[in-house]
Amino acid sequence: MSSFRELFKSLYILALSNFKFVLGGNMININSLSKSFNNGIQKTTVLHNVTFTISKGIGLSIMGPSGSGKTTLLNCISGLSTPDVGSVIIGNKDLSELKGKEISNFRRKNIGFVFQDFKLLPHYSVIDNVILPLTYDESRRTLETRAKKLLNEVGIDESLFNRLPNGLSGGEKQRVAIARALIADPDLLLCDEPTGNLDKDNRDQIVELLFTLKKKGKTIIVVTHDEEVAEKGDLIYQLKDGNLVDRGLMI
Ligand SMILES: Nc1ncnc2c1ncn2[C@@H]1O[C@H](COP(=O)(O)OP(=O)(O)O)[C@@H](O)[C@H]1O
Ligand SMILES: [Mg+2]
């Protein structure tokens, strides 16, 4: 029964990948990526020869225990961290070709981030938190209109728009953070343990909300150590001893 389900899921993903490939091509292309940290005494390899490709509109879950390199991998994908070897191509942009400010500009416009601890600025209202990433790029008026629409879409009531983050529940904070991640209309969302600070009900709602964004053409990567969260993705990869494995198979 479960192998039938697996087969069905594989066929579905294959169909989806091909469909999206025709429409939008590959979203992420990671080739032979390795990353190690050196504390002056010893070198620790965190990621070893990680290679994978995902198409636009896919929801990918990456699992792994604490310390397995999930955040390091997301940092390499977003250009916050530079791999020792290997390449990261987002859309058709090889991140190694971007210099200086180009990399932060690329990140701001093309990648949305969602974090376990929300990272909302405590002294800014809900609406200001959402527009903040683009305040130097567009007029406040334009951004406010877009922020209000996004907040509505993620389920935040208008009565909360001018509230400070500490007046929100955990689930509400994460919804605001998701609206903020979407303000630049990025193609890619990177979510680092997005449900780690939420109770079960809110966890389920936030995961549902994140993966629903695929319908709008977003590519979603969720890193998590929660099996129930990971299962909502189209694909599940696991970080194991620095290698990225797909259900036990090396990829
Ligand atoms: N900037 C850094 N300098 C040194 N070691 C680091 C640095 N960032 C991460 N590490 C180490 O890399 C390993 C993986 O960390 P991380 O990617 O944060 O794991 P995870 O997100 O899966 O918990 C850990 O052992 C961590 O201590
Ligand atoms: Mg982490």
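Two strands count as a pair once DSSP finds at least two bridges between them. I wrote that down before looking at anything else, and I also noted that this model is predicted.

**Entry 1: the E4/E5 pair**

I started with strand E4 (residues 85-90) and E5, which are joined by 2 bridges and run antiparallel. With at least two bridges needed, they qualify as a pair.

**Entry 2: the hairpin**

Next I went to strand E1 (residues 26-38) and strand E2 (residues 43-55). How many bridges pair them? I got 9, again in the antiparallel sense. One spot I checked was Lys35, which stands opposite Leu47 in E2. E1 and E2 make a hairpin with 4 residues between them. In the turn I found Gly40, with a positive phi of about 95°.

Putting the strands together, I got an open sheet of 4 strands in the order E2-E1-E4-E5, with antiparallel pairing. Which strands sit at the edges? They are E2 and E5 (93-94), and each pairs on one side only.

**Entry 3: around ligand 1**

I looked up what surrounds ligand 1 and found Phe37, Val46, Gly64, Ser66, Gly67, Ser68, Gly69, Lys70, Thr71 and Thr72. Which helix gives the largest share of this shell? It's H2 (residues 70-78), with 3 residues. I sorted the shell by type too: 2 nonpolar, 7 polar and 1 charged.

**Entry 4: two helices side by side**

Reminder first: two packed helices are described by the angle between their axes and the distance between the axes. For helix H6 (residues 170-182) and helix H7 (residues 200-212), the axes come within 10 Å and cross at roughly 15°. Angles under 35 degrees count as roughly parallel, so H6 is roughly parallel to H7. I also looked up the handedness, and H6 passes H7 in a right-handed crossing.

Then I asked which residues make the contact. From H6 they are Gly170, Gly171, Gln174 and Ile178, and from H7 they are Asn202, Gln205, Ile206, Leu209 and Leu210. By type, the contact of H6 with H7 has 4 nonpolar residues, 5 polar and no charged.

Methods. Residues are numbered from 1 along each chain as its sequence is written. Chains are lettered from A and ligands numbered from 1 in the order in which they are written. This is a predicted model: local features need pLDDT of at least 70, side-chain atom pairs count only at pLDDT 80 or more; totals for chains, interfaces and linings use all residues. A residue is near a molecule or strand if its C-beta atom, placed from the backbone, lies within 6 Å of it. Ala, Val, Leu, Ile, Met, Phe, Trp, Tyr, Cys and Pro count as nonpolar, Asp, Glu, Lys and Arg as charged, and the others, Gly among them, as polar. Axes are lines fitted to C-alpha atoms, for helices over the stretch in contact, and angles run from 0 to 180 degrees between N-to-C directions. Angles under 35 degrees count as roughly parallel, over 145 as roughly antiparallel, 65 to 115 as roughly perpendicular and the rest as oblique. A crossing is left-handed if the near helix is turned anticlockwise from the far one by less than a right angle, and right-handed if clockwise. Two residues are in contact if their C-beta atoms, placed from the backbone, lie within 7 Å.
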